[in-house]
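Subject: Structure handover

Hi,

Here is the structure for you to look over. My notes follow below it.

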Amino acid sequence: MKPKFADRIASMPTSVFSTMGKLALEHKAVNLGQGFPDFDGPGWIQEEAFKAMKSGLNQYAPMNGIFTLRNNISNAFLNNYNMQWNPDTEITITAGATEALYSTITALVNPGDEVMMFEPYYDAHQADVILAGGIPTYVTLRKPDFSFDPEDLEETVSNKTKILIINNPHNPTGKVYTRSEFDQIATFAIKHNLLVISDEVYEFLTFDGIKHIPIATLPGMRDRTITISSTGKTFGMTGWKIGYAIACPELTVAVQKVHQWTTFAVNTPGQHAMAYAFSKLDGYLPDFRALYQSKRDLLFERLKETAFTPHKPDGSYFMMVDIPESAGEEDIDCSTRLVKDLGVATIPPSVFYSKSDEGKSMLRLCFAKKDETLLQGIEKLKAY
Ligand SMILES: Cc1ncc(COP(=O)(O)O)c(C=O)c1O
């Protein structure tokens with residue numbers, strides 16, 4: 001009999017988020033695993049979506065997104081990072097960063113091309129490369145500060161390597177790459193003539209005054225980088241699935257060749273609401289950052305009352321914690337026991353590593369949660 005399924009999905013496991021989410025529901029667990037807020041996004045943005053719907057803005061949007069959203073994203077990039085992108089030729093609105101990643105990787109990767117990424121990686125990065133027939137290769141970010149060994153970059157690259165994927169601020173570690181790390185990465189990308197896919201969905205979630213640096217703004221990087229971000233993360237409404245890809249015209253045309261056959265266009269009223277939200281970005285950001293920084297601090301401080309040792313994140317809404325060595329337990333067993341016996345869901349990060357075993361000694365927690373959820377979760381973790 002002919003095989004039912006395409007070879008490229010044969011090795012694709014069910015995502016850890018589905019597995020953990022199911023267990024969390026079954027055991028009515030406090031969910032510190034799921035990577036999205038358990039509270040609602042701003043009502044003033046929702047009002048704009050209602051207004052757009054009521055005024056008849058309900059048919060297909062243009063393939064690359066409505067102009068005001070592209071224009072306001074371009075203005076936000078200029079105000080925050082001092083780089084100009086042409087909203088007509090360099091910005092594409094996509095169905096979440098997820099679709100931007102898929103369209104970009106599908107547009108650029110030929111079967112057999114190697115794509116380098118840092119591990120722990122965001123699982124879609126690896127999956128998209130495999131779906132495109134590419135070969136993922138890995139450079140490990142090592143504890144305690146999740147830095148990389150520059151020699152690892154040179155050891156991992158080959159003449160088949162076409163792309164380097166980075167994620168900054170980083171899920172799952174909360175790492176924010178330093179300027180000097182970025183200088184090394186940029187020099188490396190230029191030396192080996194690599195394209196860079198830069199997933200920056202947590203660009204506005206940096207703490208303690210740390211400033212986000214898009215790698216596209218480094219010398220020699222603009223025309224080789226595709227910057228991907230997500231209004232869902234920036235405005236706390238992940239379910240709207242509105243993301244974007246920013247790149248030079250040549251790369252934008254390539255991304256849009258896949259985008260046009262994947263989703264073609266993204267929901268219209270949501271785009272109008274997000275265009276409005278971007279026009280208010282400067283006023284919105286200080287409270288947004290302060291809210292998440294207070295949640296990070298709450299979780300970090302209170303975790304000290306548990307057996308788990310947290311690594312303080314500089315960005316994103318994730319925190320890695322070390323499983324106590326004395327427990328003699330690896331992440332998958334530990335997180336399974338936590339959800340089943342103690343009623344708290346976490347994510348076992350070893351699934352985000354393919355080369356190193358480092359992930360087995362940690363768990364990933366998400367602090368995009370109501371304070372009461374965080375406190376309930378900590379109470380449960382104390383029982384470990
Ligand atoms: C690093 C990273 N990239 C992309 C995404 C997906 O973004 P979106 O919800 O806009 O598709 C996520 C969501 O968790 C993420 O953490």
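Helices (H or I, at least four residues) and strands (E, at least two) are DSSP runs, numbered from the N terminus. This is a predicted model: local features need pLDDT of at least 70, side-chain atom pairs count only at pLDDT 80 or more, and totals for chains, interfaces and linings use all residues. Numbering starts from 1 along each chain as its sequence is written, and side-chain values use heavy atoms, with hydrogens and water left out.

Ligand site

Helix H4 (residues 96–108) gives the most to the shell around the ligand: three residues. The residues around the ligand (near means a heavy atom within 4 Å) are Gly96, Ala97, Thr98, Tyr122, Asn167, Asn171, Asp199, Val201, Tyr202, Ser230, Lys233 and Lys241. By class, four are nonpolar, five polar and three charged. Here Ala, Val, Leu, Ile, Met, Phe, Trp, Tyr, Cys and Pro count as nonpolar, Asp, Glu, Lys and Arg as charged, and the others, Gly among them, as polar.

Now the polar contacts (pairs of N or O atoms within 3.5 Å). A ligand nitrogen is 2.6 Å from an N or O atom in the Asp199 side chain. A ligand oxygen is 2.7 Å from an N or O atom in the side chain of Tyr202. For the side chain of Ser230, an N or O atom is 2.7 Å from an oxygen of the ligand. The protein covers 93% of the 400 Å² of accessible area that the ligand has on its own (Shrake-Rupley method, 1.4 Å probe).

Aromatic pairs

The whole structure holds 22 aromatic pairs. Rings of Phe, Tyr and Trp (its six-membered ring) pair if their centres lie within 6.5 Å; planes under 30 degrees apart count as stacked, over 60 as edge-to-face and the rest as tilted. Phe77 and Tyr81 form an edge-to-face pair, 4.9 Å centre to centre with 70° between the planes. Both lie in helix H3 (residues 67–81), four residues apart, about one turn of the helix.

Backbone

Most residues other than glycine have a negative phi, and most peptide bonds are trans. Some exceptions follow. Lys143 and Pro144 are joined by a cis peptide bond, omega about 5°. Pro144 is in the loop between strand E4 (135–140) and helix H6 (150–156). The bond from Asn168 to Pro169 is also cis, omega near -15°. Pro169 is in the loop between strand E5 (161–167) and helix H7 (179–191). Lys28 is not a glycine, yet has a positive phi of about 45°.

Best wishes

How values were computed
Polar contact = N/O pair within 3.5 Å; in protein donor to acceptor, adjacent residues only side chain to side chain.
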